[in-house]
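Colleague: I have not looked at this structure before, and I would like to go through it with you by asking one thing at a time.

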Amino acid sequence: MDFLLTEEHLMAQKMVRDFAQKEVYPTIKEWDRKQQMNPDVLPRMGELGILGINIPVMYGGQGFDYITLALACEELERVDTTLRVVMSVHMGLNSMALLQWGTEEQKQRFLVPQAKGEKYAAFGLTEPNAGSDVAAMTSTARREGDVYILNGEKMWISLATKADNFLVFAKTDTHANPAHAGITAFIVTKDMKGFTAGDIHGKLGVRAGSTGWFAMENVEVPVENRLGEEGEGFYIAMSCLDNGRYTVGAGAVGLIRACLEDSIKYCHERSTFGKEIGKHQLVQQKIAYMQQWYDAGRLLILKTGWMKNMGMRNTRETSMAKWYATDMSVKAALEAIQIHGAYGFSDEYDVERYLRNGKGAVIYEGTSEIHQLMQAGYALGYRVDRPIRCELPAYDPEVWQREVVVS
Amino acid sequence: MHVVVVTKSTPDTAAKVTVDASGKPTWTEAMVINPWDEYAVTEAVLLKEAHKGQATILTVGTEEHNEALKQGLAIGLDQAARVWDDALVGADSLLYAKAVAAAIQKLGNADLVIFGKEFADLGSDVHVYQVARKLGYAVLGSVSKIVEIDFAAKTIKVERMLEQGKQIVTSKLPAVIAVLKDINEPKYPSFIGIRKAAKAEIPVWSLADLGLDAGTRQTQVSAYTNPPKIEGEVEIIEGASAAEKAAKLADKLIEAKVI
């Protein structure tokens, strides 16, 4: 048993922290108010290698482990949730799926440019009328010779108008029983004819990010862009969520830290009744809880990261970590606002943004209610994870850091 | 070409430094590379890339100064070396400069030695000039830009930011320069650099390895104390009109002997 982070982990964490704090934090409020994404964010994350942080060097990445991904997500969301969202969709939900399920040819064609930050990636599962109930999706894919014809609409898609490549789920068999057995995964690119995308404004939070929709009208997707087998899409989607939820949970840990750090600072600055507010016991209680949530959430996430490194199935642990950390991040934000009093209620301080941003994460990538059902299912023995055809590869530093593909 | 950056770890600028009960300065937060040295390291990386040369980062200090060396390696410098010896505990700037100069000579073939403007913890740059003197190199402080550098012809032309204005100076190489923030935009470590830095074995040289004797110190720190606490008070001057308030304020200031 070893709880120590390595020197590599700590240096990578510091580098991501410096980037987020120096380049993003100074203008984040402006972009949040404008409901636009800072146009420098994606290119800089690409240049610095963050967009390929845990992908093997041979596939254009930086060759770090899955724990480093969590540390990066914590640092990014410490500054703003929208930065971590980039990692959730580009890395967790898309690039890691290519690493896990992609053919060598698909990895070369899509994963390499994504890991290098030359192309941005997103994920299209949710539809206007199908969220938690994935199998209710109505997008279809009809095979015609060497292509599939895709039709349908996807909604609440992060980076909808920024991404180049989309991992899209559609039904190749609309009569399958069970319904989820008819779902297939495809790599759709924004330049394909019949593909259109747009932004959604007016969200409560993650306003400095890009959330939108895309529609497919008779989009011709070549057979070689199908990820996995026909009918395997549901399992691919669920495996993607094991990685996406990991990044969401890790980010939520960063959000709790943001609430805690800002509150501690304010506790020392603000005085009431003749003493700094940190000396008041009811304020101390809030600080103690926030520290507890941070420590517990971080342990759950890092344990999950360790399991990923070891190549162990972690659906149950990822779900627990994501559920706990996101729920606690909302509570932490509420407490942080309470500590800041009326100032916390205004956007003069950052804590109101933390609450608005945190609320999204108890809805996306499995609502907290879905995670409760999952956890109860595991505990009661109703739910068992069956092996899948392609597991996420265990982290092997030698393979991850090898420069070229050995044929 | 060979460029040497001399650095040290300093408390993070956000850290609160206090003198503890035993008379030792302590601080919150971890050590970081001396903030001014981020510019020195970046300049060395840029020169190394442009001239296909070698760049080394050097420190004199205990193991905690490896932090600064590793940061330099992670940003892209080729090798690192550290000088430490128990005889250097409490060394003054002259002994420090002797050790740095001897280490630079041991590294060999240095064309350019780059320092950050000053050491942020001591608020001093005297070591820059002492090192240059010990090496017998030209020294250029307050450098805001390297205008030209020719390693073959052994010449350098720099822009110095002085109180009177910008000054363009040419000098022969080898030279020692101290750089300002204007010189570049500090680079971040790369992930590949981080891996290299984490794996790097950094040699540690003693004074004997450098053929030096600590000798007698010229100056010695006898004690550290916390600065006196500044107690402030705010008083709102009341009055019916601005003129009345101003008159009352003036009286108060005269009374307090401020004016």
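The questions and answers below go through this structure, which is a predicted model.

Colleague: Which domains is chain A divided into?
Modeller: The model is predicted, and the division described here is the assigned one for chain A. Going along chain A, the assignment gives domain 1 (7-119), domain 2 (122-231) and domain 3 (235-380).

Colleague: How many residues does domain 1 of chain A bring to its contact with domain 3 of chain A?
Modeller: The C-alpha centres of domain 1 and domain 3 of chain A are 20 Å apart. In the contact, domain 3 of chain A takes part with 24 residues, and the number from domain 1 of chain A is 24.

Colleague: Which helix of chain A gives the most to the side of domain 1 that touches domain 3?
Modeller: On that side of domain 1 of chain A, at least two residues each come from helix 2 (28-34), helix 4 (66-79) and helix 5. By class, the residues of the side of domain 1 of chain A that touches domain 3 of chain A are 12 nonpolar, four polar and eight charged. The most, 11 residues, is given by helix 5 of chain A.

Colleague: How do helix 5 and helix 7 of chain A run, roughly parallel or roughly antiparallel?
Modeller: Helix 5 (residues 81-101) and helix 7 (residues 233-269) of chain A pack with their axes 8 Å apart and at an angle of about 150 degrees. Because angles over 145 degrees count as roughly antiparallel, helix 5 of chain A is, relative to helix 7 of chain A, roughly antiparallel.

Colleague: What is the handedness of the crossing of helix 5 and helix 7 of chain A?
Modeller: Residues of helix 5 of chain A, including Met87(A), Met91(A) and Trp101(A), meet residues of helix 7 of chain A, among them Cys240(A), Tyr246(A) and Leu255(A). The residues of this contact comprise 11 nonpolar, 10 polar and one charged. As for the handedness, the crossing of helix 5 and helix 7 of chain A is right-handed.

Colleague: Which helix supplies the largest share of the side of chain B that touches chain A?
Modeller: The contact draws 14 residues from chain A and 11 residues from chain B, and the side of chain B has eight nonpolar, one polar and two charged residues. Helix 2 (66-75) and helix 5 (191-199) of chain B each provide at least two residues of that side. The largest share, six residues, is that of helix 5 of chain B.

Colleague: Where does Pro178(A) lie?
Modeller: Pro178(A) is joined to Asn177(A) by a cis peptide bond, for which omega is about 0 degrees. In chain A, Pro178(A) is placed in the loop between strand 4 (165-171) and strand 5 (183-189).

Colleague: Where is Pro174(B) found?
Modeller: In chain B, the peptide bond from Leu173(B) to Pro174(B) is cis, and its omega is near 0 degrees. The place of Pro174(B) in chain B is the loop between strand 11 (165-172) and strand 12 (175-179).

Colleague: How does Trp156(A) count, buried or partly exposed?
Modeller: Trp156(A), which is in strand 3 (residues 147-158) of chain A, has a positive phi of about 60 degrees although it is not a glycine. A residue is buried if 20 or more other C-beta atoms lie within 10 Å of its own. Because Trp156(A) has 19 C-beta neighbours inside 10 Å, it counts as partly exposed.

Note on methods. Residues are numbered from 1 along each chain as its sequence is written. Chains are lettered from A and ligands numbered from 1 in the order in which they are written. This is a predicted model: local features need pLDDT of at least 70, side-chain atom pairs count only at pLDDT 80 or more; totals for chains, interfaces and linings use all residues. Axes are lines fitted to C-alpha atoms, for helices over the stretch in contact, and angles run from 0 to 180 degrees between N-to-C directions. Helices (H or I, at least four residues) and strands (E, at least two) are DSSP runs, numbered from the N terminus. Angles under 35 degrees count as roughly parallel, over 145 as roughly antiparallel, 65 to 115 as roughly perpendicular and the rest as oblique. A crossing is left-handed if the near helix is turned anticlockwise from the far one by less than a right angle, and right-handed if clockwise. Two residues are in contact if their C-beta atoms, placed from the backbone, lie within 7 Å. Ala, Val, Leu, Ile, Met, Phe, Trp, Tyr, Cys and Pro count as nonpolar, Asp, Glu, Lys and Arg as charged, and the others, Gly among them, as polar. A residue is buried if 20 or more other C-beta atoms lie within 10 Å of its own, exposed if 12 or fewer, and partly exposed in between; C-beta atoms are placed from the backbone. Domain bounds come from an automatic or database domain assignment.
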